[in-house]
Amino acid sequence: MRCPHCGSVEDKVIESRTLANGEAIRRRRECERCKFRFTSYERTEDNQLMVIKRDGRREPFAREKIESGIERALEKRPVSRMQIESMVNEIEDETAIASKGSREIDSKVIGDLILERLSALDKVAYIRFASVYRHFEDLNEFMQEITKLGEEQAVVPPP
């Protein structure tokens, strides 16, 4: 594995962990030359899960698209890289379960899973993601979503 810091291919595995119900392995690595630590993932490729888009098109499930959307929503928010990775792993696992063996899932299901996780993690990121995902057209739609968030928070007692 090439070090993203110095480019060396000499590294050692510090820790390995199974993810996504045994479908992936996360490895923490350390570069032998510069001692930079980084993470790599190994996944098996099988029958690709297909996402049914709003317009009816089908495209292969792309973990990277979920990750980049979540990262954009959480930009400059106090959320660690580990929390993002954990959220993406959970969403990936749930999409596999929700497809119920059909190997197809509606993009709305994925979007709703992301919104659910963001709502629990960071309300600002939730609004950011919802505004793009739900195609907010004007300020009233933002206000309605913020009001709805406030009502949900008032119902849930603080921990």
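**Exercise 1.** In this predicted model, identify the bridge partner of Arg29 in E3, and describe how strands E2 and E3 are joined.

*Solution.* Step 1: Arg29 has Phe38 as its bridge partner in E3. Step 2: Strand E2 covers residues 24-31 and strand E3 covers residues 37-43. Step 3: The two strands run antiparallel, with seven bridges between them. Step 4: In the hairpin that E2 and E3 form, five residues lie between the strands, and Lys35 adopts a positive phi near 70 degrees.

**Exercise 2.** Determine which residues have the most contacts inside the largest nonpolar core, and which elements give two or more residues to this core.

*Solution.* Step 1: The largest nonpolar core comprises 26 residues, and Ile66, Ile70, Ile114 and Leu118 have the most contacts inside it. Step 2: Two or more residues of this core come from each of helix H1 (63-73), helix H2 (81-98), helix H3 (107-121) and H4. Step 3: The most is given by H4, with six residues. Step 4: For Ile70, leaving aside residues up to four places away in sequence, the contacts are Ile84, Met87, Val88, Ile91, Ile114 and Leu118.

**Exercise 3.** Examine helix H4: list its buried residues, state which residue caps its N-terminal end, and characterise the phi of His135.

*Solution.* Step 1: Helix H4 spans residues 123-133, and its buried residues are Ala125, Tyr126, Ile127, Phe129, Ala130, Ser131 and Tyr133. Step 2: The N-terminal cap of H4 is Asp122, which has a side-chain oxygen 3.1 Å from the backbone nitrogen of Val124. Step 3: His135 follows H4 and has a positive phi, near 55 degrees.

Definitions and conventions
Residues numbered from 1 in each chain as written. Predicted model: local features only at pLDDT ≥ 70, side-chain atom pairs only at ≥ 80, totals over all residues. Heavy atoms only, no water. Buried < 20%, exposed > 50% of the residue type's maximum accessible area, 1.4 Å probe, protein only. Helix = DSSP H or I, 4+ residues; strand = E, 2+ residues; numbered from the N terminus. Polar contact = N/O pair within 3.5 Å; in protein donor to acceptor, adjacent residues only side chain to side chain. Core = buried A, V, L, I, M, F, W, Y, C linked by side-chain atoms within 4.5 Å. Contact = heavy atoms within 4.5 Å. Pairing = 2+ DSSP bridges.
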